[in-house]
Amino acid sequence: MTSTPPATTAGTVDGAVSGSGSPTGARVARVVQRQGALVILVAVMLIASLAFDTFGSRGNLTGIAMQSSFLAVVSLGMTFVIMTGGIDLSVGSVFALGGVLAAWGSQYGALAALLLPLVICGLIGLVQGLLVARAGLPAFIVTLAGLLFARGLLLLISNEGSTTYKVPQGSGFLELARGELLGIKYPVWIVLVLFLIAGLVLHRTSYGSTVLAIGGQEDAADLMGLPVQRTKVVTYVLSAVLAGFGGAMIASYTASGVTILGVGMELDAIAAVVLGGTLLTGGAGTILGTLVGVLLLQVIKNVINQVGSLDSDWQAVVSGTILLVVVTVQRYLTRVERS
Amino acid sequence: MSANPPTGSPVLETVAVTKSFGGVHALSGVDFSLEPGEIHTLVGENGAGKSTLIKVLTGVYTPDAGEVRFAGEPVHFRRPSDAQDAGISTIYQEVNLVPLLSVARNIFLGREPRNRIGLIDVKRMNRDAHELLGRLGVPIDVTAELGRLGLGAQQMVALARAMSVDSRVVIMDEPTSSLERKEVDTLFGVARGLRDQGVGLVFVSHRLDELWELCDRVTILRDGERVHSGTMANLDRVSLVSHMLGRDVGEVERSGATKFGDSHAREREPVLVAEGINAQHRLHDVDLSVAPGEIVGLGGLRGSGRSETVKAIYGALHTRGGQVRVGGKRLKSNSVPDALRNGVALLSEDRKAEGIVPDLSVRDNIALAVLPRLSRGGVVSEARVDEVVATFMRRLRIKASGPHQRVGELSGGNQQKVLIARWLCTEPTVFLLDEPTRGIDVGAKAEVQALIDELAQQGLGVVLISSEIEELVEGADRIVVLHDGSVARELAGDQVTSASLLQALAGDDIEEAAS
Amino acid sequence: MSETTSPTPTPTPTSTAGGSGQESLPPRRRRVDSEWVRRNGVYVALAVLVVLNVAFTDNFVSEGTLRLQLVQVVPVVVVALGMALVIGTEGIDLSVGAVMALAAALIPLYVGYGAVAAVAMGLVAGLVSGVIAGVLVARVGVQPIVATLGLMVAGRGVANLMGGEIKSIREPGIVALGTGSVVGVPYVVLIAAAVALVTWFLVKRSTYGRQLVAIGGNVRAARLSGLPVRRVLVTTYVICGLLAALAGVLLAARSQASDPTKLGLLMELSAITAVVVGGTPLSGGQVRIVGTVAGALLMQLITATLIFHNIPDSTAQITQAVIVVGAVYVQLGRRKA
């Protein structure tokens, strides 16, 4: 079926080879391209649980799930942007802005704390989307400026960064990140639901088709009469809203609007998306892959922390390196597949 | 040819439509009308305004002046989706679909069948797609990624997409250029079927035979104006061409005959020998040799591996096995610089994508391949560049406002001459010419053909690819015919005639070529 | 110094377009005014801003202010020149800020071996980063944005790991490099001027420069014409990396400190803006050196103007974001329409 990605698991790399006319090398390349992250994730987790007693503990694993949820929400928006062949470098700043807005808004009630970041960040996304889709400006320039803009706005409302807003104790807004259902924190549930919806949106709605069509062949999508501009605008709005929502989640989690969060988060998000098998050139990818990519990055960070003696700056080095290695492998696999 | 009689009320028409770009009129006051139940062809040379008119009809461009009417009512299409919503479907020359999506999804993109909760009903979509393609007689796996299909199959999917809506107008812009004869027949069958259901069709093709085979009426454009409109049956070939070119009939016949010079001596040591060239899936043990002063034609249908062969010789296509020797020296495989160093030049088929650098000047484009030779210590010698450029601009009669004009501003013919100049600067001994006269006007075409002849007389070994039978027969001393990536036949001496070339091109299936 | 690459067309481009041929011309829009704005807008904006400052900013017209502005613009100019070359190949380099930080972070570490060794180590960092970016783009075929984005984050991480906290630099040679001057002109300004001249010469006169713009204009054609595409691309990213490292060294020398977390932050944005504002299209195939220098001066003057008038950081950032988008819009907005 076209609507779902090939349901391959880590173990069936060989099994997937049969049943298609395409050459074996190409077939394997496709599977690695799409499911490689899952294989690495399982391997890293196996090794980590053997190497560190604490890794496999329930506390640590739920910690990873919880920590992943913020990046997961942000990466979900990024997945759609990248599928259209674009890029959104503003998500880190927008994420931080969302957190500060939520903490600031929480003094007016839980609803304000939730809606304020969504609306303001959505507006930033709208402007970015219009500049990219209507004015035809390069996405990376627009969103790089958006990064600057969101930081500036954040500084403006936090008195040049000197004020850290606190979420009032007992505010219902704290439930967003702290509440539990069946022993699992809300953010994890939220991520699962959002990814499920996103999967349906991508594969079972015209919007999803159009996203993939734009990334695959924008001119064709235009000539086919698909609403190219509108879809792009919606996608950038979606990305900013999700980034802002991620910020709201972390504001609820930390009970404050930390102004220095989110620096470099755009790279983590891009890395997660690419790790998950979405082509950076757009047009193809999976929602589930992004989730796997996020988990992989988070597990690696966790392992770095387990080692203990390593500086947290290593995380930046590792993220950057992973991104470069993955895109290199992706290029190589695409070449194998084509030849 | 049984057309429904025109009902007198056009389904789609333009009245005095004008469209200009930067002061240049692409269309000036064009009237065009399409009746329901007819197949209407638009004819014109490159730049006559065909594409612009089609883009006005399909909502890609909005006209500067004049009116577009659909079913008698004035309409203002602002974007392609407006035209599609009104019931105008379009099939473009280059397949405009999304290669990474499935066949079924491509067919229904933007108007997928939904289930009760508003999600795409994948089962129904696949079933409907299967049924549609079945009606076209092309059983394609609807769940396959479109990009994995051949071009012909992709064109059929585009056709299925156009048919998936109840269109009142179907516009086909060069739909046959990438199709095999069998697929063309299928397409024509579908087109006639649509006509009989009362659909109005606009058909554009550069293959003139197809016009008489399929079309009921014709509108001819020249320089953005309508110069003729009438029934196809009342028009003969020569008058059609004379309308297109705007010359009197006698003149067309004279200039229509391509004149390469007589054949050259070839009893010499070959300058180029290619042996056993293999490229995965595309070329199988191709041998080719060219003597100095010889023009070897390379013939074959689309997809037979003509362009691939010259690219492989030039090192621009990855080969596995085989060797190329130039002047007795073996070339490194897969190395363009090595081929260039040893005197091989390739004029690529795709002038825009692989030839000109549009924003650079005529001068910089000509000197591009020889910059290191015209430099000392990494610094370009401007005086030497000027000298070389002046020489070739004069020799090839390149029409430009000067060496500093942007190449993108020149006509196709002059761009082609600039590229030929670029290669002649490298002082090649072997010149590979892939469709050197495609897409250039008649005058430039004759000049280029004469030039090729002159080059051969000066001792250059030439490989000439052309899809025009006359050009090959009149221009080449010997013709190598490819079929499916291997050499199928070689015609030399008396065998170099249109009839035998046709037969060779057709391979086993002679009927196909004769049509 | 006149402008680079494609020689300036006659003032009325439409007149040449009509006669030369009717087929396959790209749709020509009203080029005259938008083209003029693209080429000369930066000079006009610069002049307007200077006039405004002369009129409204106290003490703007003084030797001290002028020298300070020139000194402060040096890093942007140097980085932007490298960026202009990369953009000329239809590429982009987001790692320049991180490379600056890395180069600066290395100075305190190697200053014990003398000023020359320390500066050399800084430049080596740029070289290495440039080679990695170049190989990823030219050999592996990774998109420039992604390759250099990875380097940006990893580079900043490495800079933090190696440099740690803010370190002051007291080595006399380096201090002299940062603060010394000849006949009133600071060394750093002279160095930037020299870099601009050399880059101009490269683009205008060298074989490499010609090949660079051809590759940016049509890479397939360049490849089929036997141009050493990979070598030119790698060279370009190496030059850009080296210049970014040089900018980092000069900035550290001037401020007599290296702060790996802050130094060069968002420099990629300033540099790209300077290049684009200066009339070099992001689509490659052209490099405008004089325009780039003017673009850097303009961006510096905008920042300075905001500081002169005590505009807080937040407002300054927002203003810059708006100016960046506005400038790019003016330069590129005509492409769609």
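**Entry 1: ground rules.** I call a residue buried if 20 or more other C-beta atoms lie within 10 Å of its own, exposed if 12 or fewer, and partly exposed in between, with C-beta atoms placed from the backbone. By that rule, 55% of the 339 residues of chain A count as buried. I am looking at a predicted model, where local features need pLDDT of at least 70 and side-chain atom pairs count only at pLDDT 80 or more, while totals for chains, interfaces and linings use all residues. Residues are numbered from 1 along each chain as its sequence is written, and chains are lettered from A and ligands numbered from 1 in the order in which they are written.

**Entry 2: the fold of chain A.** I found 13 helices and two strands in chain A; helices (H or I, at least four residues) and strands (E, at least two) are DSSP runs, numbered from the N terminus.

**Entry 3: where chain A meets chain B.** Two residues are in contact if their C-beta atoms, placed from the backbone, lie within 7 Å. The contact draws 25 residues from chain A and 21 residues from chain B. On the chain A side, α7 (186-204), α8 (206-216) and α9 (218-223) each give two or more residues. Which of these elements gives the most? I see that α8(A) does, with six residues.

**Entry 4: a look at A:Gln217.** A:Gln217 sits in the loop between α8 and α9 of chain A. Why does A:Gln217 count as buried? Because it has 25 C-beta neighbours inside 10 Å. Leaving aside neighbours within four places in sequence, I find A:Gln217 in contact with B:Val98 and B:Pro99.
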